[in-house]
Amino acid sequence: MRLRKSCSGSAAPAVLLAIVLLILVGSTLYFHIAKTWWFPPAITPVGHEIDRQFMITLVATGIVFVLAQVALAWMVFKYRDHGQKASFVRGNHTLEVVWTTATLIIFVGLGVMAQHAWGQVHFGGPAPGAVPIEVTGQQFVWNFRYPGPDGKFGKLNPKLIDASVGNPLGLDPNDPSSKDDIVSPDLYLPVGHPIELLIRSQDVIHSFFVRELRIKQDALPGMIIPIHFTTTTTGDFEITCNQLCGSNHYHMHAMMHVMSDADFQKWEQQQEAQNAQ
Amino acid sequence: MSTHAPSVHHAEAPKGFIRHYIFSLDHKIIGTQYILLGLSAVTIGMILSVLMRIHLGWPNAHIWGFANGIMTPEDYLRTVTMHGTLMVFFVLTTVPQSGFGNYFLPIQIGAPDMAFPRINMLSFWFTFLALIVLLSAAFVPGGAPISGWTAYAPLSALGEIAGPGQGLGQTLWVTSIALFCAASLMSGLNFLATTIDLRAKGLSLMRMPLTVWGWFITACLAVLAFGVLLAACILLLLDRLAFTSFFIPGGLSVSGQLVNHAGGSPLLWQHLFWFFGHPEVYIAILPGMGIISHVLSTFSRKPVFGYKAMVYSLSAIGFLSFTVWGHHMFISGMSPYSAIAFSVLTLVIGVPSAIKTFNWLGTLWGGRIQFTTSMLFAIGFVSLFVTGGLSGIFLAQPALDLYLHDTYYVIGHFHLIMGVAAIFAMFAATYFWFPKMFGKHMNENMGKVHFWFTFIGVYCIFMPMHYLGYEGDARRYSSTESVHYMTEMHTVYLFISIAAIITASAQILFYWNFFMSWIRGKRAEQNPWHGTTLEWSVPTPVPHDNFAGHFPIVYRGPYEYSLPGMADDYVPQHLAPELVARSK
Amino acid sequence: MPQTIVTEELEITGRGGAAKPPSADGGGDDGSFGASAAIPQRIYVTGITIAMGAILMFFMALISAFIVRKGVGNDWRAFELPRILWLNTIILLASSATVVLARRKLGREDREGFHHWWAVTTVLGLFFLAGQLIAWRQMVAGGFYLATNPSSSFFYVLTAAHGLHLLGGICALLYVGWLRLHKLTLATATEVASLYWHFMDGLWVFLFLILLLGR
């Protein structure tokens, strides 16, 4: 083998690679263990379940990550050209079967474990007594509609949409159910109650996301998509749009206020009083 | 006994500059044209990404090239769209396959050219035309589109009222992609017919180099997937120009204006797009996987570990790639029950990729590793592929995708695989085959500096994006100012931007090395790396019909390195048994 | 790592050992092209087969869009298909029969017979296209334009796409029948063109059924 001397036998590239990979592995482990940049605390039971599934996946993939990068660094160092003859090996059938099976079991196993949390969000209808709230995305604001004391959402008519006169959703004034509908630019929820959000859009695809809920759902024009959850903690949380919807996609921001029962009822009464005027 | 078939009068190269270099029928020239087209596209794409990063790192900075020096939110999204479109289509889909594949597939199988040279030339010029049409979108009223490389409807279907650039710019974008589909279909057809029918005597399927297998499976995917995208583009054009409603539902009000369409389904666009889109990303990586196996073997002086497993895993990835498209749509509103099926299939497709990684490590094990620049990039590929692949395991689970979808985590994941690993495969291929293509050596020392800057740089750019994803930071945001938890992460954005500028600057080393070596690099011998496959058996420069009339017969597999009892540590594929020198 | 050195018979005596006389049209999987720079004729059949697969995927995408769109929007309005489509179908089926006849004549070295039936096929193909245009005019007369209704949209898209591909087939028939061939033998060229023609025929029957039943 007559390659240039500088290529063969040199330990420098191998050592440098080992250093880089060890820094990679070390820093990754550090940032994950220290949770330097991490998820905010979850405020739903399904959120905690999702967090558990995330940790299991992280541990499994983390072990593989560390082993693979270290193995790469070690092999490149140990088998660098220092005049030895390479071992003539075509493969190892047993090894192939073993690592294929192991990988299949781990990967699919992780997927199977994750199904329950997904089902909590999407299979089955709303819990009895769930508070229904309609979430409407449009370029570039969110609006939230409550059915009001009659418990019914009024009819919407796209022809009547006019934010400048305070009718961003196009509520039909001729429909008696629409008179008591509450429309708010921010989302207010009573803590501890099951909630049903009905996600929709007036123009293009948007996406409703609150980190602490651990739930995201695209708002598709032409469809109404329900999601269900129950919150466990009060507080103010940011709502963002997570599907590219146009120029001001970055600016489509709202707040979710989770409050005690008493506070929520106070807020509702305030809104109804304003409606009556 | 002769080692080759009886010599035949071989075709002469055409005279005249235009027919020799511009409208060439020679697969080597066409391959080079594709590589140069890809190099142009990647340059523009990379500059666009640096502009994006400057804007995110220093939001108030004046950026040259924009009106008043300000990058508006529309400008940012136009940059995002053009960056993605250029990189995915005109770099990742062209260079590894139509670039290197065109050049080396016929030679590696012992053929004089591709099956259909005229169609080959046509496919290049269609690609060139598609690039021109795409770039022209930036210069028309309204500018380039802002809907991303994925062009989701209705944003992409509604026309100008949906946003700036969504008028003529978007129409040009769709037209460009439709032309690109036609080009890719022609190219894929050529690759398949060539590999099926033009292999040299003795070159059975299981003796093909893994590069050929990579190109072959990729061509299968291309032929089956691009027709679907073409259909989707046609329907989208009709929605935009002919008032049909394939993708636009009724009752829409855009900025207070009623839309006169009804009944269409935005999800239909996503299904059609991603049915193409997922095989597409495997089209981007499969040739790279073949090249990496090839390079790792050559510079470990060992056969590829588990050649058969490598072939089966390439085939499995190819087949399964058509069954997983829904994992891009977990959050889209499609049936949550179908999400389970797509999730399981997506996790299953991770298995053959893992097998390949184990086999790459197995190839290195017990080897005699030479640290050429090409080999460094191949080793880097393995590291990057592991990292990028593992983050896919999170995204494959819908329960976790609920949080991570459309965050920077996804950007980190697909960049590590496509925007870095696949690029590393292209670098490995360039440093490896440059001596054969241009008869000169690239500067190895400069190449090594290029490698280290790039390898460290890309990890500095894309690892932090996973942490931004943990914080829930959304992608395709032109500014972090509206969301408190995104503003808090500004230091990380800044770090990424600085890393991006340094890494992009380091690529100058590559450009310099590439062009300077082409012009006055050190002359290369015929087989500088002591490779076994057929491209190293032909002289440099490669004759017009590749073999100067003496087409080879193949006697053995492609990676016969370090055979016990041989004088050399490699036995070329075309060497007749009686001519192989044994050790004393 | 466990001992995995695989000692085996060295594979340097490969299958290429005793040189078989190379045949111009190549052998099977072992890859036996290599006699000369001549491209084997069967490659054109391989090529058209691959092309048919790609084209089929294109139409399958349109058909699945058809099925989804029909199921999703509640605005699908069925309409009566123009009657001439039945005649067009028969014409196209007949042209498949005539193309088979033409190839048989060629096989028996009857050049005149070949050209006769090849011309009949081409003319039938042109009649089919004319008939499709008449069908379009009948649609317009009935008030069904491209954007009138999703059902009419798909009608136009599917028939136009098929018609354009068929036009390509007619060009192939003309080229093969009357222009000078360079790399292909007439036998191969007619095989390739007729394969494509049967594919266009079968595809039309399939599309027609979809339009009929999916109405």
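1. Chain A is divided into domain 1 (12–82 + 91–122) and domain 2 (131–276), with bounds drawn from an automatic or database domain assignment. The C-alpha centres of domain 1 and domain 2 of chain A are 39 Å apart. The contact between them involves 11 residues of domain 1 of chain A and 13 residues of domain 2 of chain A; two residues are in contact if their C-beta atoms, placed from the backbone, lie within 7 Å.

2. This is a predicted model, in which local features need pLDDT of at least 70 and side-chain atom pairs count only at pLDDT 80 or more, while totals for chains, interfaces and linings use all residues. Residues are numbered from 1 along each chain as its sequence is written, and chains are lettered from A and ligands numbered from 1 in the order in which they are written.

3. On the side of domain 1 of chain A that touches domain 2 of chain A, helix H2 (residues 45–78) of chain A gives the most, four residues. Helices (H or I, at least four residues) and strands (E, at least two) are DSSP runs, numbered from the N terminus.

4. Between chains, 100 residues of chain B contact 90 residues of chain A. Helix H10 (residues 336–364) of chain B supplies the largest share of the chain B side, 15 residues.

5. Chain C contains five helices and zero strands, in the sequence pattern α-α-α-α-α. Among its contacts with a separation of 6 or more, 71% join residues 24 or more positions apart.
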